[in-house]
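Please look at the sequence and the model first.

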Amino acid sequence: MNDVWPDKCGVYILDKESTATRFIDKKIKELDSMDSEEPFQVLNLDTLIQMHLKWLSYLPRVKPFYAVKCNSTETVLRTLNALGTGFDCASKGEISQFLSPGVKPENIIYAHTTKPQSHIKYALLRIAVDDSSSFHRLSSKFGAGLSTTGRLLECAAELGLEVVGVSFHIGSKCSQSLAFRQAIADARSIFDTKLLGFQFSLLDIGGGFSGKDFPVTLQEFSKVINGALDEYFPFESGVQIIAEPGRYYAESTFTLAANVIAKRVIMEDMRKEGVPERLMMYYLSDGVYGSLNFLLTDGQVSPYLHRAVESSEKRYRSVIWGPTCDYIDKIVDNYLIPELHVGDWLLFDNIGAYGISMSTEFNGFKRSSIYSICLMANIYDVCWLTELFICSSHDRNTSSERLSGSF
Ligand code: PLP
């Protein structure tokens, strides 16, 4: 494997024979040779590019504004900027910290509903929608009920605000594509009131899309969304349609490798064939205060062993913990996995959403390094990427170092 460029461009360009899996093998070998158990993440730019191409093909009328809060890794933002997405920022800080300069102002939306008064010049009216089919129900915190939007618009008119359109967020991890249909219909009802002379020209359908085609694929979402848009906001209406996907882009783009740093075997008195059952406890070099922070609020992970295992190998009931002193730092419980040894590596796919962006250095454990990779084949297809990354060598730094940079 002849990977090139990390020093010059911050991205490992992999040669034709290489794969993300081989890259991970090589990194692990390198770390093992240095007796290092430092966790690391691999950002696969091919996946990111493919996600974007899929978005363009399924939702051609909807311009994505990537939700920066989901994962603000510099290489992700640079790539998406080059691909032509916009960015959804939650604060002035996010705008200036991650996005300046190089991103055109018209490609930034400031979509957090709770803003300091001085920041509101142009506004979108965010409505509360039925988010009962989503894991994270954002309408419990944000958005105006349909019965209150009239009063809010009056208030906006009194304050001299220009309301340019309507937004909603169906809730993160939406499991019912049909939820979008009702939300788009609700937005239409606001447009139809034509209150107070506002010229509504923008509809923002928020986020909520999964990045790993589960539980709903983008194709399924797109069928419902495109149908509802054609019915309620046909092309001739001239309304610009945008979205704020976060998880969709980031989730499947990152893989984590974490090392088994300690192990405990508990002999439980649930005897089988006269022998007490064993409960395994493993402690990894990364956990819920680090790259897997999303586990505090969200879902599950399914780690797997990096080294090959025989299918016949016995599986043990195991608990996998993160490295900190806190008992909340539990990654997975009751997990059936072959016996691990100190020094083994576990891999976690699909960990790019709301992990690194919310990670901490609790207990003094450093954030994982991020290595960005791209396959040669793609680079030839998308040759502008090569230029994009020249002069950016931050990817081998820790994310905390990178956060203080700008692009
Ligand atoms: N926009 C806003 C205002 C949000 O609060 C969120 C997530 O919380 C997003 C976009 C991104 O949502 P998702 O990651 O589900 O696509």
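This is a predicted model: local features need pLDDT of at least 70, side-chain atom pairs count only at pLDDT 80 or more; totals for chains, interfaces and linings use all residues.

Residues are numbered from 1 along each chain as its sequence is written.

**Helix 7 and helix 8**
- Helix 7 (residues 178-193) packs on helix 8 (residues 218-232) at an angle of about 20 degrees, with the axes 8 Å apart.
- The two are therefore roughly parallel to each other (angles under 35 degrees count as such).
- The crossing of helix 7 past helix 8 is right-handed (the near helix is turned clockwise from the far one by less than a right angle).
- Helix 7 contributes L178, F180, R181, I184, A185 and R188 to the contact, and helix 8 contributes F221, V224, I225, A228, L229 and Y232 (in contact means C-beta atoms, placed from the backbone, within 7 Å).
- By class, this contact of helix 7 with helix 8 has 10 nonpolar, no polar and 2 charged residues.

**Helix 3 and helix 4**
- Helix 3 (residues 45-58) and helix 4 (residues 74-83) cross at roughly 35 degrees, and their axes come within 11 Å.
- This crossing, too, is right-handed.
- L45, L48, I49 and H52 of helix 3 meet V76, T79 and L83 of helix 4.

**C325**
- An unreviewed UniProt entry lists C325 under "active site"; such annotations may be inferred rather than shown by experiment.
- C325 lies in the loop between strand 15 (315-321) and strand 16 (330-338).
- C325 is exposed, with 8 other C-beta atoms within 10 Å (exposed means 12 or fewer).

Definitions and conventions
Axes are lines fitted to C-alpha atoms, for helices over the stretch in contact, and angles run from 0 to 180 degrees between N-to-C directions. Helices (H or I, at least four residues) and strands (E, at least two) are DSSP runs, numbered from the N terminus. Angles under 35 degrees count as roughly parallel, over 145 as roughly antiparallel, 65 to 115 as roughly perpendicular and the rest as oblique. Two residues are in contact if their C-beta atoms, placed from the backbone, lie within 7 Å. Ala, Val, Leu, Ile, Met, Phe, Trp, Tyr, Cys and Pro count as nonpolar, Asp, Glu, Lys and Arg as charged, and the others, Gly among them, as polar. A residue is buried if 20 or more other C-beta atoms lie within 10 Å of its own, exposed if 12 or fewer, and partly exposed in between; C-beta atoms are placed from the backbone.
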